Amino acid sequence: MSAAQTPTRTRVLIVDDEENQRNGLAGMIKSWGFVTETAGDGQEALEKLADFPAHVLLTDLMMPRMDGYELLRRLNSLGSRVPAIVITAFGNIETALSTMHDLGAFWFLEKPIQAQALRFLLERAGAQSRLLEEAELLQRQLSYQGVLGELVGKSEPMQQVFSLIRQVAPSKAAVLVTGESGTGKELAARAIHQLSSQREGPFVAINCAALPETLMESELFGHEKGAFTGAVERRAGCFELAQKGTLLLDELAEMPIGTQAKLLRVLEDSRVRRLGGKSEIQVEVRIIASTNRTPEEAIRSAHLREDLFYRLNVFGIQLPPLRHRLEDLPVLCESMIRDLNKKHGSSVEGLDNGLLAKLQTHSWPGNVRELRNVLERAVILAGSGTLGLNHLPQPFSPGLAASPSASVSAGQDGVTIPIGSTVSQAEKTLILMTLAHTKNNKTRAAEILGISLKTLFNKLKEYGGSEPES
Ligand SMILES: Nc1ncnc2c1ncn2[C@@H]1O[C@H](COP(=O)(O)OP(=O)(O)OP(=O)(O)O)[C@@H](O)[C@H]1O
Ligand SMILES: [Mg+2]
């Protein structure tokens, strides 16, 4: 897509010490459909660039603190490739030429600035910058097939997920992402957003399990001042906040059923009305919903409205549990260790075969999140070198080890799973042992196992014992 077709998305940073000039330029450039940010000198520009990755820099030369030359010099030495348009005093063509030559400025403009010339240059510089950005993105994706956005996986089931994400992302279709807890549903939603045409727009996630009905609706649709007790100010809802972007309805099946009916109406009409509001607001939002329940089951148990399900399930993506793609463990470990090294300032180089083999015998009820927790603990313990079996909690039993409250179970019995057991046998043993450990407190057991209470009940039903909830 060229910048000429989508001028609204090109970001321009305007650097000038004269406030009037700066704001005047910003106003004009914004009116042409660019996104603008301003800075009063080179120093401020460098700071702004950290949060505002500009496609084009428009800078004056003479400024206090850090002037335009120094700014360009610094950017050069940082390896920045942001094209710069330099504003020079009238008649100062020599300075302009040497700036272009020495500092690689993209172009220069003499004062007083001709609006049309500026617009033309901005569009050209923007187009170049965006092409570079897209080429880099493409290369990153092609060069390493096992990665999509932040999702990692080379296994067949993950490659299928990647392919679905690539196919659905450019469309505006709603997507329903399903999969057990910790399988990467949120990462999948983010990847869809990043690969979509609304990627420059906001990505907003709302957890539908966290709030009671009124609050949920006010979060989703917004409210006017005085709409209910406690509504002291008018507030925009998630739909408005996600305007021209993506809204993730996380744990959709936990949303109150009454709210689901209202949500469906919004999806049908693309309009929302704030609570207590009179007029409707047109919204253009890509919807992604996620749930760790089986949708059919959620419909049967009246947790999910069937009509809403059909509306959202235009495109379904199911993330495989980690135990079905154990061949991804090496790439997952590699990429997570790299991440964790950055996070903790450590220099761990990898893991030895003994540890890898051990990880491959586990059933990972908490999926990739659980793996990350196990690795994080190991990386902190080791600090450098290679991770081995001695960096696992002793005795190592998945679920217990990975639970955020692992310390509570320290010193308790682990589970021994002999080679030759099936995954479901191992899972059953682990679930029953954990229940014994929590003295049959199912809520606590589900927490330790990293699964939902509902899943735990289903498993128990499968094993043939249906006991009262504790
Ligand atoms: N394929 C993957 N590659 C790399 N990291 C992953 C992958 N899947 C999950 N993770 C990591 O695991 C953790 C959980 O991921 P995420 O929050 O996306 O899972 P989820 O399915 O939304 O879980 P829940 O149902 O509990 O909300 C995060 O730290 C995420 O970075
Ligand atoms: Mg999630």
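This is a predicted model: local features need pLDDT of at least 70, side-chain atom pairs count only at pLDDT 80 or more; totals for chains, interfaces and linings use all residues.
I sorted the shell around ligand 1 by residue type and got 7 nonpolar, 5 polar and 7 charged residues.

Next I asked which residues come nearest to ligand 1. There are 19 residues around the ligand, and the nearest are Val 152, Ser 181, Gly 182, Lys 185 and Arg 369.

Then I went through some polar contacts. I started with Lys 185, where a polar side-chain atom sits 2.6 Å from an oxygen atom of ligand 1. Gly 184 uses its backbone instead: an N or O atom there is 3.1 Å from an oxygen atom of the ligand. Val 152 also brings in a backbone N or O atom, this one 2.9 Å from a nitrogen atom of ligand 1.

How much of ligand 1 does the protein bury? On its own the ligand exposes 630 Å², and I find 85% of that buried by the protein.

I also checked which elements supply two or more residues to the shell. I noted strand 7 (151-152), helix 7 (185-194), helix 13 (329-344) and helix 15 (367-382).

Last, I looked at helix 3 (residues 68-77) against helix 4 (residues 93-103). Their axes are 10 Å apart, and the packing angle is about 15°. Angles under 35 degrees count as roughly parallel, so I wrote helix 3 and helix 4 down as roughly parallel to each other. For handedness, I have helix 3 passing helix 4 in a right-handed crossing.

How values were computed
Residues are numbered from 1 along each chain as its sequence is written. Chains are lettered from A and ligands numbered from 1 in the order in which they are written. Side-chain values use heavy atoms; hydrogens and water are left out. A residue is near a molecule or strand if one of its heavy atoms lies within 4 Å of it. A polar contact is a pair of N or O atoms within 3.5 Å; within protein, one must be able to donate a hydrogen and the other to accept it, and residues adjacent in sequence count only if both atoms are side-chain atoms. Accessible areas come from the Shrake-Rupley method with a 1.4 Å probe; for residues, only the protein chains shown count as cover. Helices (H or I, at least four residues) and strands (E, at least two) are DSSP runs, numbered from the N terminus. Ala, Val, Leu, Ile, Met, Phe, Trp, Tyr, Cys and Pro count as nonpolar, Asp, Glu, Lys and Arg as charged, and the others, Gly among them, as polar. Axes are lines fitted to C-alpha atoms, for helices over the stretch in contact, and angles run from 0 to 180 degrees between N-to-C directions. Angles under 35 degrees count as roughly parallel, over 145 as roughly antiparallel, 65 to 115 as roughly perpendicular and the rest as oblique. A crossing is left-handed if the near helix is turned anticlockwise from the far one by less than a right angle, and right-handed if clockwise.
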